[in-house]
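Open the model in your viewer and keep the selection tool ready. We will go stop by stop.

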Amino acid sequence: MRQDTWWIFTDINFLRFFGAGLIQTLLLSLAAIALAFVVALVFALGRMSHRRWLRWPSIAYVETIRALPVLLLIVFFYIKGSSLLQPVFGPEFNLQPFWAGVLGLGLYTSAVLAEIIRAGILSLPRGQTEAARALGLSHARAMRYVILPQGLRLMVPAMMSQLTTIIKDTSLVATIGVSDLLGQGRIIYNRYFNPIEVFLFVAVIYFVICFALSQASRRLELGNTPKAARAKIREIQLRDQAA
Amino acid sequence: MPGEIIFEFPQQYLYPEGLWLTIQLSVLGLIGSIVLGILIALLRISPFAPLRWIGAAYVEFFRNTPLLVQLFFLFFALPALGIRFSDDAFVFNFRAAVLGIALYHAAYVAEVVRGGLLGVDRGQIEAARSLGLSYRQMLREVQLPQAVRSVIPPIGNIAIALAKNTALAKTIGVAELLAAGDYVEAATFRTVEAYLAVALLYLVLTLPMAAGVNWLEKRLLVAR
């Protein structure tokens, strides 16, 4: 314990410093989940396609990414992301660590969300698809106007609890030099050598956010989620809760 | 190609050694988290309310803070508190990592075990108690054995998550698989090959586990 450094945690400037880190953490989670949702939708639909050349690559993507540590993806994009994206953005392009974190975290979460979305869609009664097709809607339009709106709505609580996981996972970007909440904590620690206070303080902030979110998603509860989807979601929440 | 690095790079031993450390971390962490998790689950279903509160506080705190923050706390703060697992830095890092991984996943194991214990038919518990078994006898002879069946597949899922999360041990200086990839990358600048090799080794580790869990789920499925 270092009582002489306790003033840090009531000083407005230091609180602003931590606040800046918190904003980075939240922005990173939102960017990652936005990216993840778009990619997940593509691969969830791809995995349910009747065409083999769409289905097999989608299965391979989802199962491979789910089996890897998030930190591996984040470190890979941190080191290699710039040169991977230079053909797209020009030879001068330099991928910021923040965006490397968004890519790594977003792609990992996309595989998890794809499984959640697929579980939601598969749990809908077959009659929904059949009725839509019988009314003359094409497969694509039946998906777009009948199946997806219902499937996605069923999965809102599961996605919210995934957001809790993402917020916890964003702490990993501190290792590639992003000044997120944990990164700011490390800077303070390196300056004042008060590890107990700093890491407890950071842990409590993470706890307040994640606890509030997980309570909220429990409130929404899986009440109207069909039984089959619930088992799948529980499996995903255990297997894919990373850090 | 990745094969070239694994077999031709002068420091090729890094990959198998890293993999071995990852396996050690996973196995020790899993054993620790299962033992601790069962204890906390027993606290959570205890008839004595303050014990239940302690269990609930543990689960909520460790589930809702990042593993990395917990590892940093163990790694930086414990020596400051005067607690040292070992004077040897490498042994200290390894033990701190095992402890952190076990503490974090114990919270998830506790929730699963608690669910399994509560899933046991109440009539069984009441019958055991009315036959004159003490609370502890009832737990050991009736409630725990029946819970095991429904608890094994979800613990398998936690084991997969745990094996992936051992990668975080690299941040506190354990030279496990991902750290081995870092060394090879830094020495050769062949990023894609170095990390592709790491990814393949993680797949070799986790994909059979996933297949095993799916098989167990089908085998142990309790018809309700």
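Start in chain B, where H4(B) passes H5(B) in a right-handed crossing. A crossing is right-handed if the near helix is turned clockwise from the far one by less than a right angle, and left-handed if anticlockwise. Helices here are DSSP runs (H or I, at least four residues) and strands are E runs of at least two, numbered from the N terminus.

Before going on, note that this is a predicted model: local features need pLDDT of at least 70, side-chain atom pairs count only at pLDDT 80 or more, and totals for chains, interfaces and linings use all residues. Residues are numbered from 1 along each chain as its sequence is written, while chains are lettered from A and ligands numbered from 1 in the order in which they are written.

**Stop 1: H4 and H5 of chain B**

Select residues 89-119 of chain B to see H5(B). H4(B) packs against H5(B) at an angle of about 140°, with the axes 9 Å apart. Axes are lines fitted to C-alpha atoms, for helices over the stretch in contact, and angles run from 0 to 180 degrees between N-to-C directions. That angle makes H4(B) oblique to H5(B). Under 35 degrees counts as roughly parallel, over 145 as roughly antiparallel, 65 to 115 as roughly perpendicular, and the rest as oblique.

Now show the contact residues. On H4(B), pick B:Leu67, B:Gln70, B:Leu71, B:Leu74 and B:Phe75. On H5(B), pick B:Ala96, B:Ala97, B:Leu99, B:Gly100, B:Leu103 and B:Tyr104. Residues are in contact if their C-beta atoms, placed from the backbone, lie within 7 Å.

**Stop 2: H2 and H7 of chain B**

Next, select residues 14-44 and 135-165 of chain B, which are H2(B) and H7(B). Their axes come within 10 Å and cross at roughly 135°. H2(B) and H7(B) are therefore oblique to each other. The contact uses B:Ser26, B:Gly29, B:Leu30, B:Ser33 and B:Ile34 from H2(B). H7(B) brings B:Ile155, B:Ala159, B:Leu162 and B:Ala163.

Stay on H7(B) and find B:Val151. Where is the kink in H7(B)? A kink of about 45° lies at B:Val151, shortly before the proline B:Pro153. The bend is the angle between axes fitted to the seven residues ending at a residue and the seven starting there.

**Stop 3: where the chains meet**

Show both chains. In all, 37 residues of chain B are in contact with 32 residues of chain A. Which helix of chain B gives the most to this side? H9(B) does, with 10 residues.

**Stop 4: H2 and H4 of chain A**

Move to chain A, which has 10 helices and zero strands. Select residues 52-66 for H2(A) and 97-122 for H4(A). Their axes come within 9 Å and cross at roughly 120°. H2(A) and H4(A) are therefore oblique to each other, and their crossing is left-handed. Among the residues that meet are A:Tyr61 and A:Ile65 in H2(A), and A:Leu107 and A:Ala111 in H4(A).

**Last stop: zoom out**

Chain B has nine helices and zero strands. Along its principal axes, the C-alpha trace of chain B spans about 70 × 45 × 25 Å. For chain A, the spans are about 75 × 50 × 25 Å.

Note on methods:
Two residues are in contact if their C-beta atoms, placed from the backbone, lie within 7 Å.
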